[in-house]
Amino acid sequence: MADREKKFLSEGTITYAYILLYIALSSGQIFFNKWVLSSKEINFPYPLGLTLLHMVFSSVLCFILTRAFKVLKVEEGMTLELYTTSVIPIGATFAMTLWLGNTAYLYISVAFAQMLKAIMPVAVFILGVAVGLEMMSCRMLLIMSVISFGVLVASYGEIDINWIGVVYQMGGVVAEALRLIFMEILVKRKGLKLNPVSVMYYVSPCSALCLFIPWIFLEKPKMDAQGTWNFQPVVLALNSLCTFALNLSVFLVISHTSALTIRVAGVVKDWVVVLLSAVLFADTKLTIINLFGYGVAIAGVAAYNNSKLKKEASRNTSGEPQHLESIPMVSPSAPNK
């Protein structure tokens, strides 16, 4: 009995350690990206270049860990047809999510960007209804209204609002919603189940290619003109490594707990980011209206998550494939709602 209790306590400690690791990495990566993009010391205001570096780094590490050392396992079943019809759209929308989300940090504070991201479930639901993956109901309409109201109040309370940053952030939200819709189609209509490591393995190279093309035309000429190729490689390598570690932490949390845990941890992370950003960054000025609106939006997000998880539970009991939105590939500039 004593041995069983010790084992239970040990497993519980490990689980909480993984959850804390996820929250720390997820929050820290957002702050790290903001610092790299806006810091005069680093002098790297190139969100496309930074995101491209992340994807190339993830592609190389995924190949080394899964194919060379075989430390991690990639789910089989991927075909050329699935890759072209599903993975490429997912990779393209993921690339756009990262690009637009990181660009927003050049114009708006981390806290305000996080508040705008709370509108994500609304975008996912509207697109889901449009393609026939979601059903409109009074309950969901109420939840979407609560989230929208909260985000509007939080935006109204923003002191120094920059509309360019808002447009970039909302563009990233729409791109992320499209990515989640494509992933749901991949699971529901094509029946392919992928863990986060498999998603990284297949999606990262595609996203890197999608980012490389606009980077050549939009940022490379600026980097050549300003001579910023003399960046700090150690800092950027650490930044890329943290992004990869963040996605691995999602895999660890899900494998030891459940989809509910990662969603709850995501909500906790959002609040940590909002509150800590007020301490770490001078451009963050929180108001009571900000916090009240964000609190209302988060309450709506929690209700949305609860509704989705109940639907996933009923789907799993009926033998249908797991909804891939519960095992996301995390982007530090996108929410994991």
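**Close-up views of a predicted all-helix chain**

**View 1. Lysine 70 in a loop.** Lysine 70 is located in the loop that links helix 2 and helix 3; helices here are DSSP runs (H or I, at least four residues), strands are likewise DSSP runs (E, at least two), and both are numbered from the N terminus. Lysine 70 is not a glycine, yet its phi is positive, about 55°. Its relative accessibility is 61%, so lysine 70 counts as exposed, a term used for over 50% relative accessible area, with buried for under 20% and partly exposed in between (1.4 Å probe, protein chains only). This is a predicted model, in which local features need pLDDT of at least 70 and side-chain atom pairs count only at pLDDT 80 or more, while totals for chains, interfaces and linings use all residues. Residues are numbered from 1 along each chain as its sequence is written, and side-chain values use heavy atoms, with hydrogens and water left out.

**View 2. The whole chain.** The chain contains 12 helices and zero strands. Of its 337 residues, 53% are buried. Contact means heavy atoms within 4.5 Å. Among contacts between residues at least 6 apart in sequence, 86% join residues at least 24 apart.

**View 3. The nonpolar cores.** A nonpolar core is a set of buried Ala, Val, Leu, Ile, Met, Phe, Trp, Tyr and Cys residues joined through side-chain atoms within 4.5 Å. The largest such core has 77 residues, and Val36, Phe44, Met144 and Ile147 are those with the most contacts inside it. When residues up to four places away in sequence are not counted, valine 36 touches Ile42, Phe44, Leu50, Val235, Leu236 and Asn239.

**View 4. Helix 2 against helix 8.** The axes of helix 2 (residues 47-68) and helix 8 come within 8 Å and cross at roughly 150°. Helix 2 is therefore roughly antiparallel to helix 8. Axes are lines fitted to C-alpha atoms, for helices over the stretch in contact, and angles run from 0 to 180 degrees between N-to-C directions. Angles under 35 degrees count as roughly parallel, over 145 as roughly antiparallel, 65 to 115 as roughly perpendicular and the rest as oblique. The crossing of helix 2 past helix 8 is left-handed, a word used if the near helix is turned anticlockwise from the far one by less than a right angle, with right-handed used if clockwise. Residues of helix 2 in the contact include Leu52, Met55, Ser59 and Phe63, and those of helix 8 include Met200, Ser204, Ala208 and Trp215.

**View 5. Helix 3 against helix 8.** Helix 3 (residues 80-104) and helix 8 (residues 196-218) have axes that come within 8 Å and cross at roughly 55°. The two helices are therefore oblique to each other. Helix 3 passes helix 8 in a right-handed crossing. On the side of helix 3 the contact includes Tyr83, Val87, Phe94 and Trp99, and on the side of helix 8 it includes Tyr202, Cys206, Cys210 and Leu218.

**View 6. Cysteine residues.** No disulfide, defined as a pair of cysteine sulfur atoms within 2.5 Å, is found in a search of the whole structure, which gives zero. For cysteine 210, which is in no disulfide, the nearest cysteine sulfur is that of cysteine 206, 4.3 Å away. Cysteine 210 is partly exposed, with a relative accessible area of 28%. Cysteine 242 is also partly exposed, at 25%.

View 7. Helix 4 (residues 110-117) is mostly covered, with eight of its eight residues buried. Buried residues in helix 5 (residues 120-130) are Met120, Pro121, Val122, Ala123, Val124, Phe125 and Gly128. The axes of helix 5 and helix 6 (residues 138-156) come within 9 Å and cross at roughly 140°, and the crossing is left-handed. Pro121, Val122 and Phe125 of helix 5 make this contact with Met140, Met144, Ile147 and Ser148 of helix 6.

**View 8. Serine 240 in helix 10.** Serine 240 belongs to helix 10 (residues 233-256). With a relative accessibility of 0%, serine 240 counts as buried. Apart from neighbours within four places in sequence, serine 240 is in contact with Leu53, His54 and Phe57. Its C-alpha atom is separated by 9.0 Å from that of valine 56, a residue 184 residues apart from serine 240 along the chain.
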